[in-house]
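Subject: Structure handover

Hello,

Here is the structure I promised to pass on. Please open it alongside this email, and read on below for what turned up.

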Amino acid sequence: MLPFRKLVRLADVKSQLRDGDLLLFRRRGLISVAGRGVHSHAAKLAWWGDTPFCLEVREWFGGRAVTLASQVDRCPGQIDLFRANPGGRWPEYDAAASTRYLRHLAGCDYGYASVIEAALLHLPIVRMCVTPEVEDKAVSRRPPFCSQACAMADRLAGGVDPAPYLADRLTEPADLARSPFYQYQFTFAGE
């Protein structure tokens, strides 16, 4: 869990937003509880013209692009922005390619089967008997869930694996929050 939150208004920090920044949503739910963190949803930021968008794969909707402002209005104080590739430590990272990858997921189905499979690995008996995959094999044919889509975008298109010791299909929002590839910047307050 983050020790503090720096609340900001979207209008005040708009010039600081970058393509490829990670958006993590704080909500109590199965994903945040099972994932041992405060975040239940992951998305990426992308600029279209002078408007910042939220690119996401969301339950009930699937892959979509919506304005960041609409999500901040809907979830004030619940969206944390994490800078991708803080300080340029990964020079091979291509934020534009990562966001393009997520744009191409617009219209895809939500990966209910994938998220259930990842959640089952948290059950005590299953954890004792099954070793989670740490290597990314071929891209799954199943539709992705939110954090899986973000990890795939950064690894396959962006050139950097944000969770190198965990397969994309098992990557949860809490795993992304703990990744050194992302650094917390601030939380969007309501307008």
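Predicted model: local features only at pLDDT ≥ 70, side-chain atom pairs only at ≥ 80, totals over all residues.

Glu56 is buried, and Arg64 is buried too. The two form a salt bridge, with their closest N and O atoms 2.7 Å apart.

E4 covers residues 51-58 and E5 covers 62-67. The two run antiparallel and are joined by 6 bridges. Phe53 stands opposite Thr67 of E5. Val57 has Gly63 in E5 as its bridge partner. The hairpin of E4 and E5 has 3 residues between the strands, and Trp60 there takes a positive phi near 75°.

Phe61 sits in the loop between E4 and E5. Is Phe61 buried or exposed? It is exposed, because its relative accessible area is 53% and the cut-off for exposed is over 50%. Phe61 also belongs to a nonpolar surface patch of about 440 Å², made together with Trp60 and Tyr112.

Now the sheet. It is open and has 7 strands, in the order E1-E7-E6-E2-E3-E4-E5, with mixed pairing. E1 (7-8) and E5 stand at the edges with a single partner strand each, so one side of each has no neighbour in the sheet.

Two helices to look at:

- H4, residues 95-104, lies across E3 (39-48) and E4, and runs at about 110° to E3.
- H7, residues 146-157, lies across E2 (22-26), E3, E4 and E7 (182-188), and runs at about 45° to E3.

Back to charges. How many salt bridges does a search of the whole structure find? It finds 8. One of them joins the side chains of Arg83 and Asp21, at 2.9 Å from N to O. Arg83 lies in strand E6 (residues 79-84) and Asp21 in the loop between helix H1 (10-13) and E2, so this pair ties together parts 62 residues apart in sequence. Both ends are buried. Arg83 has a relative accessible area of 8%, and Asp21 has 0%.

Asp80 and Arg26 form another salt bridge, with the closest N and O atoms 2.8 Å apart. Asp80 lies in strand E6 and Arg26 in strand E2, so the pair ties together parts that are 54 residues apart in sequence. Asp80 and Arg26 are both buried.

Why does Ala174 count as buried? Its relative accessible area is 4%, and the cut-off for buried is under 20%.

Last, the overall figures:

- The protein has 8 helices and 7 strands.
- Of its 191 residues, 49% are buried.
- Among contacts between residues at least 6 apart in sequence, 72% join residues at least 24 apart.
- The protein exposes about 9400 Å², and carbon and sulfur atoms supply 58% of that.

If you have time for one stop, begin at the hairpin of E4 and E5. From there, go to Arg83 and Asp21, which meet in a salt bridge.

Best wishes

Terms used: Residues numbered from 1 in each chain as written. Heavy atoms only, no water. Buried < 20%, exposed > 50% of the residue type's maximum accessible area, 1.4 Å probe, protein only. Patch = residues over 30% accessible without salt bridge, like charges linked within 9 Å, V, L, I, M, F, W, Y side chains within 5 Å. Areas by Shrake-Rupley, 256 points an atom, 1.4 Å probe, with all protein chains shown as cover. Salt bridge = Lys/Arg side-chain N within 4 Å of Asp/Glu carboxyl O. Helix = DSSP H or I, 4+ residues; strand = E, 2+ residues; numbered from the N terminus. Pairing = 2+ DSSP bridges. Contact = heavy atoms within 4.5 Å. Axes fitted to C-alpha atoms, helices over the stretch in contact; angles between N-to-C directions.
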